[in-house]
Amino acid sequence: MSWLGALSQLLALVMALVLAPLLTGWVNQWRARLQNKSAPGLLQPYRMLHKLFNKESVMAEHASSLYRTAPYIIFSCMLLACAIIPTLSTDLPLSPAADAIALVGLFALARVFISLAAMDVGTAFGSLGARREMLVGFLAEPALLMVLFCASMITRSTSLTTIVETLAHREFAIYPSLLLAGVAFTMVSLAENARVPVDNPDTHLELTMIHEAMILEYSARHLALLEWAASLKLFAYSCAGLAIFFPWGVAEANSPLALLLALPVLLFKLAIGGFLLAVIETLSAKMRIFRVPEFLGTAFLLSVLGLLVNVLLGVG
Amino acid sequence: MIVKFAPQLINLFATLILLLSFAMISQRRIVTLINLFMIQGATLVAASFLLGYATNQPDLYVSGALTLVLKVIFIPWMLHRVIRKLNVRWDVETLLNVPTVMLVGIGLVILAFSLALPVSRLSSSLAGGSLGIALACILLSFMMMITRSKAVPQVIGFLSMENGLIFAATAVTNGMPMIVEFGIALDVLVGVLILGVFMFQIREKFDTLDIHNLEALKED
């Protein structure tokens, strides 16, 4: 492990922590603008976090220790996920710890804990949200795995850094299977990040919410951690998508100059991606919950189709 | 530059056509269905032009232009007119169990791919690999005709199957003889015109476009 590797790992972590709320703020701002509302400031998520961290936490009377520890577990899961996805550089000392399959496992672990915590205090909305989250999760996970396998099949590795390295630095080629996987990935990330066709992150209408219903009982620093974890998850998904489908600009090992250049490139890509997310959210209407399995089933089938096309057309 | 990437681009277009076939299977709204069919036609046109340019065969330009005029401009325009006149423009078809249909679709794709793999190894053409995709599109459109109960989606299924056929012919043989192309184009045109008349007749007789009404021999 070189000092440059450690530096880029540290940089990736700090950047994820700092940029994740900014990305959420950026998406919210564009969404408000596109819907003809007056937009909140770009720094609104930071103000929110600041406010929540300074409040006194109120616990439900029957809350167990699981309820108290869950936010910390979820937050660290998301942080680790951000650490192993190559955002700026592929020279990440932490990345051998977890490959693409373990990444999906990390998200699953966070999901299990948030659902358990939601059911822990025993309110009706918590259990309702947890059930719905599980309904979304068990369909989204296989689809996400298949998308990652599409990329793995092309690059013959499940390690995220190797995937990005191979895709970014080999001779430019068009992979039709990545087109299918890209569509599937977009659908999965919309569902996983509680975005509009599946769930509305801003809703407080009790009967339709999924993610909000689960964190309804949380307050103060626990809520802040969960909100931050949600931003980190969005950031992780965006970076994973950018890394697999638009890998250009990610720095290789032992190139400090490229590392400097990688940051503005990443910011540019995230800005475009966030804007497109806001456009998708504005253009689509929220689905009935019973349509969600169909939506995610389609995503799964598309990613399987990607694998099949890969087999038919031969790996480049 | 373009010639270097031509095989990859053809494969990309083939995948797009397949993606659109799947989108059509799961689409409930008739207007969107027609628009999807139009996009599929446009992709086919792009693929023929590209293949014509890459292999230096002017025949394929004519074939592409024919597809452009018929499948991207004329037939969608006519279908839009028909659904406006029949007042089914905003019709939403209740599909039976989309996930099951999609699963069967994946099965069909696997079947088509495994059938086409040995054949495409023999083909020396630029885009031999996409034979399997073309075959899958044909089977998927076929399934769409079977699963739909309204007349307009069935017609679109028929036309989309024809798209798959043309693509298969273009991909494997680098284009059919011109006279055959013209024959097929004329067939499709006449077919659509006749089916259009049929739709009006079905509507007049039963007040609906649901073709289940045609299954009974006499009215009860």
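Helix 7 of chain A and helix 9 of chain A are roughly antiparallel to each other, a label used for angles over 145 degrees. The model is predicted, so local features need pLDDT of at least 70 and side-chain atom pairs count only at pLDDT 80 or more, while totals for chains, interfaces and linings use all residues. Residues are numbered from 1 along each chain as its sequence is written, with chains lettered from A and ligands numbered from 1 in the order in which they are written.

For the pair in chain A, the axes of helix 7 (residues 176-192) and helix 9 (residues 220-245) come within 11 Å and cross at roughly 175°. Here helices (H or I, at least four residues) are DSSP runs numbered from the N terminus; axes are lines fitted to C-alpha atoms over the stretch in contact, and angles run from 0 to 180 degrees between N-to-C directions. Leu178(A), Gly182(A), Phe185(A), Ser189(A) and Glu192(A) of helix 7 meet Tyr237(A), Gly241(A) and Phe245(A) of helix 9. Sorted by class, this contact has four nonpolar, three polar and one charged residues (Ala, Val, Leu, Ile, Met, Phe, Trp, Tyr, Cys and Pro are nonpolar, Asp, Glu, Lys and Arg charged, and the others, Gly among them, polar).

Helix 9 of chain A is mostly covered, with 22 of its 26 residues buried (20 or more other C-beta atoms within 10 Å of the residue's own, C-beta atoms being placed from the backbone). At 1.5 Å a residue, its 26 residues should span 38 Å, and its end C-alpha atoms are 37 Å apart, which agrees; the expected span is 1.5 Å times one less than the number of residues.

Turning to chain B, the secondary structure comes to seven helices and zero strands. Of the 220 residues of chain B, 44% count as buried. Helix 4 of chain B and helix 5 (residues 131-147) of chain B pack at an angle of about 145°, with their axes 8 Å apart. The contact includes Val101(B), Leu108(B) and Phe113(B) of helix 4 and Leu135(B), Leu139(B) and Met143(B) of helix 5. By class, 16 nonpolar, four polar and no charged residues take part in it.

Finally, the two chains meet: 19 residues of chain B are in contact with 17 residues of chain A, contact being C-beta atoms, placed from the backbone, within 7 Å. Helix 1 (2-25) and helix 4 (98-122) of chain B are the elements that give two or more residues to the side of chain B touching chain A. That side has 13 nonpolar, six polar and no charged residues.

Conventions: Angles under 35 degrees count as roughly parallel, over 145 as roughly antiparallel, 65 to 115 as roughly perpendicular and the rest as oblique. A residue is buried if 20 or more other C-beta atoms lie within 10 Å of its own, exposed if 12 or fewer, and partly exposed in between; C-beta atoms are placed from the backbone.
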